[in-house]
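Hi,

Here is the structure I promised to pass on. Have a look at it first, and then read on for what turned up.

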Amino acid sequence: LTYTCSNYLSRFFSFLASSFYSLISAIYSRTYYAYTDHAVLFYTIAASYAFSKWFGKIERPWLYLSAVFCGFLLGIKVTSATLHAIIMILYIYDCVKTKDIDKKLFFNVLSFSLIVFSICGVWYIRSWIALGNPIFPFASYMFGGSGYPEQYLRYHTTSGIGIGAIEYIKAFWLLTIKPDIF
């Protein structure tokens, strides 16, 4: 983390960012068991880092490495598709800003998306064959197959801190100090 931050921040702020990250109690209280969010965090940082390296040097292998990481990320959580969308928007914005709109833009967007979906598609096909639902446990009403039993779905109405603007602002503090309520 310090090395990644040092590419964009001074040495002092790189150490400061690493220190803040290491002081988050949720990191240490949840690392003793397998949890998908740890992998999501890793692949998000890896994809963002590879894209930032491409953004600085404009070398195609970095863009494709970012696509590989986005593919693994999308295979872990469907909601991670936002990172793929953000990277594509930033790429298109950069091409428009530099007036570099040609076949290369279309080819790179298409190849990036094909790499992402070919990697995560393996997991979705496996889920569809094994469980009858490619995005198990969600959308069983659309795809059929199995999903969460109703008694497990009721748990989500009792967990968390509520819905609203104030709760959203408090979420960062509570996630750091009291991660067990999430």
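Let me begin with the cysteines: how far is the sulfur of Cys120 from the closest cysteine sulfur, and which residue holds that one? The partner is Cys70, and the gap is 9.9 Å, too far for a bond. A disulfide is a covalent bond between the sulfur atoms of two cysteines. The cut-off used here is 2.5 Å between the sulfurs, and by that rule the count for this model comes to zero disulfides. Keep in mind that this is a predicted model. Cys120 counts as buried, at 1% relative accessibility. Cys95 is buried as well, with a relative accessibility of 3%.

First, α5 with α6. Helix α5 covers residues 60-76 and helix α6 covers residues 81-97; their axes come within 9 Å and cross at roughly 155°. That makes α5 roughly antiparallel to α6. The crossing of α5 past α6 is left-handed. On the α5 side the contact uses Leu63, Ser66, Cys70, Leu73 and Leu74, and on the α6 side Ala81, Leu83, His84, Ile87 and Tyr91. Sorted by class, that contact has eight nonpolar residues, two polar ones and no charged ones.

Next, α5 with α7. Helix α7 runs over residues 103-131, and its axis comes within 8 Å of the α5 axis, with a crossing angle of roughly 30°. Here α5 passes α7 in a right-handed crossing. The α5 residues in this contact include Arg60, Tyr64, Cys70 and Phe72, and those from α7 include Lys104, Phe112, Cys120 and Trp123. So both cysteines from my opening question take part in the contact between α5 and α7. By class, the residues of this contact split into 16 nonpolar, five polar and two charged.

His84 sits in helix α6. Is His84 buried or exposed? It is buried, with a relative accessible area of 11%. Not counting residues up to four places away in sequence, His84 touches Cys70, Phe112, Ser113, Val116 and Phe117.

Ser80 lies in the loop between α5 and α6. Ser80 is buried too, and its relative accessible area is 11%. Leaving aside neighbours within four places in sequence, Ser80 is in contact with Val40, Leu73 and Leu74.

Tyr43 belongs to helix α4, residues 36-57. Which residues does Tyr43 contact, leaving aside neighbours within four places in sequence? They are Phe69, Phe72, Leu73 and Ile76. Of these, Ile76 is 33 residues away from Tyr43 in sequence, while the C-alpha to C-alpha distance between Tyr43 and Ile76 is 9.5 Å.

Over to you!

Conventions: Residues are numbered from 1 along each chain as its sequence is written. This is a predicted model: local features need pLDDT of at least 70, side-chain atom pairs count only at pLDDT 80 or more; totals for chains, interfaces and linings use all residues. Side-chain values use heavy atoms; hydrogens and water are left out. Axes are lines fitted to C-alpha atoms, for helices over the stretch in contact, and angles run from 0 to 180 degrees between N-to-C directions. Helices (H or I, at least four residues) and strands (E, at least two) are DSSP runs, numbered from the N terminus. Angles under 35 degrees count as roughly parallel, over 145 as roughly antiparallel, 65 to 115 as roughly perpendicular and the rest as oblique. A crossing is left-handed if the near helix is turned anticlockwise from the far one by less than a right angle, and right-handed if clockwise. Contact means heavy atoms within 4.5 Å. Ala, Val, Leu, Ile, Met, Phe, Trp, Tyr, Cys and Pro count as nonpolar, Asp, Glu, Lys and Arg as charged, and the others, Gly among them, as polar. Buried means under 20% relative accessible area, exposed over 50%, partly exposed in between (1.4 Å probe, protein chains only).
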